[in-house]
Amino acid sequence: MDDKTHFIPPTDPNKTQIGRPDFDATQISGWADANRTAMAGSIRSLAVECVPENSYALATQVSRLHVLVKIIASGSATGTRMPLNLCLILDRSGSMEGSPMEYMKQACGYVVDMLQPNDVLSIVAFSDEAELIMPARRVVNKQLIKEHINRLEVGNTTNLYDGIALGASQLASVASLGYVTRALLFTDGEPTSGNKDFNSIVSQVVEQKSRGITFTALGFGPEYNEELLAAIAKRSGGNYYYITRPELIPEIFRKELESVMMTVARNVRMRVLMSRWVQVRQIYNKLPAFGHRSAEVTLADLERGEIQTAIVELELGPRPGGTYRVAKIEIIYDDSSTGKTETVSSDVVINFTTDASRIASGFNPEVQRELEVARASRNLERTVMGMRTQMISPDEALRELEKTQALLIQQGKTLQAQDIQRAIDQIKQGAAAEKTLIGINLDREKVQ
Amino acid sequence: MTDDAEKTIAAGDVYSEKTSYVGQPGAEPTQMAVGIECPVCHTSNPPAETYCMDCGFLLTSQPEEQGVELEMRPPAVLVTTDGTREFALHVGQNTVGRQDADVLLTHNTVSRKHAVITVEDSKVYVEDIGSTNGTYVGGSKLNPGQKVELTDGAEIVFGNQTLILKLTTPSEEPSTKEETVTAQEAPVECVEIAPEPETQEAEAVAKLISEDGTVSHTLTRRTYSIGRREGNDIVIPDPYCSGRHAELRIEEDRMEIVDLNSTNGTLVNGVRIEPNNPYEIRIGDQLTFGQTVLKLEAPQ
Ligand SMILES: [Zn+2]
């Protein structure tokens, strides 16, 4: 049975259809999916809620309005987890010599132990070129898989691009339906061979993302390019980790695998559908793709109990006073509970009035707070960029970070405030803090 | 409702706003509503819709009782080359940049404070205010502090973001009467749709369709207004198309198109025609309004 019910007009033979179907088609193409609803009764993993900064707007002039979008992943476990289609993409360049290599092997062993026989695993290693250590297969003979891993030896250069390509081809060889697909990319250095171009590597990841492949980027040690790894994770909806010491590698691998196992929503996109006289000015800290009366951005995968937020700024044109839906926000994603692509949506409804006093009293403090955090996130990005390019001094960076930290504490974002404290300590010790800072996500809140 | 009986439908006038819904005096009381016309933008909505599919108005409510200038047209707008975004400019200084700007371009090739566009005395100027990647007009880079006047249709590049200036030409200036929408009685109590007039008078003589098939109009012997704005017989949702762009006249033995002095002109088979001068067209001709190409085809 079809999982979607379409609106079907009543077929009373006495009724004539509206006599201008062409007219409608040219006007409302942006809302073509508006009537689509998921079948009742299916338990979807995500819910979306929109909170406008103000429920009133002036009818007589152009105004701007922020809308807080909250994407909430249900917190309760729904029976068994989805099987994984996992690929380990491992750096075996010369710099991995010694304890890093040993800890990496140990970490991979942990991963194998945590997997179930219905999970699929593939392993790729890269140095001068990429090689397939183990093609995609079910995790049945764990001992044999560990033997493959233990045979890994250090090589020379870092051919990250080919490693990503080979790993992605292994993930793509498994039919994606019914699996949580994820690549764990582990590296300790800048790309030094193969295609080394930043943009080529990132666009390859974006292309793989369009095939449903999410990358988690695990950077180890002081040498890797944090901007590149953060971009890989962000653009593919995965996580980013900075591993400071080799003995932490197994622990971080375990943590990430647990997170992947709790994934309930993959390939998550947010689409803002605008009504007439409405424009999207910006979506904070995101780069939207604009279409006819629509703006779309990619969001990170969500795990159980996670809340992601986004802030959309709209520009609203003048109109006759009254109640309007100014936008409809859709979240489109692959649901691990239902095994299907689902859409959840929420309307942004605003009351247009000529009474300015209503607007003054109508501001929502929650949205104001989240807006502060979004601005802090933007400032943080600027601080990191300033540190990388040495445009700002360590003292200036410290001042900026302390300001951001104070704000986060005030807004109850204690985990992120702790991360900033770590970066502050690193700077005070004369160490680089960019690798820590670039991984701070202010728009994702996980339980625990 | 009292004036329902007075509404009549003109044969062949299926595109007219006012006559789309006609009361059937003898209709059964059990008949269901089949459509709701939005009292604000006059879009016809399926009965299941809570909000107007076009303007978003809450269809179970009534707009406030006073007239508001619906399209308070800005003196000029900037549009993206793909036409998906429009930035209205106001009289005075408009900042362009990546953050907190009037023309907000959140792209990393655009500086936070990139340029200023000044609108004064119906002239538009642009000035780069020390951007990293520069501002280009018509392919040449502006020197910092250099203020350049922009003409209609000018291409301005900020970083790698290209925008096109569209001035509101006096010929497009709408009469206030036409643009002022006064809240009127909402036709919520929906009534039976009149049968589509399939009479001889309304015999289809041609079809106007877009390449992708999204725009398709069957043409009968009459005159059609064409433009971006609602209320035209043929609405083209293209920012490069003027509000009132052209008129299409289908007569007994002749079809012609008149460009109504539109900003970007009307093209027939790729050649721009003279404004305000009827131009004869035939089945098979290609008509371009803004960036929208429509083909005139035989009715079947
Ligand atoms: Zn409407």
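Is Cys41(B) buried or exposed? At 6% relative accessibility, Cys41(B) comes out as buried (under 20% relative accessible area, with exposed being over 50% and partly exposed in between; 1.4 Å probe, protein chains only). This is a predicted model, where local features need pLDDT of at least 70, side-chain atom pairs count only at pLDDT 80 or more, and totals for chains, interfaces and linings use all residues. Residues are numbered from 1 along each chain as its sequence is written, chains are lettered from A and ligands numbered from 1 in the order in which they are written, and side-chain values use heavy atoms, with hydrogens and water left out.

On to the metal. The zinc ion has Cys38(B), Cys41(B), Cys52(B) and Cys55(B) as its protein donors, each through SG, at 2.2 to 2.4 Å (donors being N, O and S atoms within 2.8 Å of the metal, or 3.2 Å for Na, K and Ca). Their spacing in sequence reads C-x2-C-x10-C-x2-C. Cys41(B) sits in the loop between β1 (36–37) and β2 (44–45) of chain B, and Cys55(B) in the loop between β2 and β3 (68–69), so this pair ties together parts 14 residues apart in sequence (strands are DSSP E runs of at least two residues; helices are H or I runs of at least four). Cys55(B) is buried too, at 0% relative accessible area.

Over in chain A, Gly109(A) belongs to helix α2 (residues 99–114). With 11% relative accessibility, Gly109(A) is buried. Its C-alpha lies 7.8 Å from that of Ile149(A), although 40 residues separate them in sequence.
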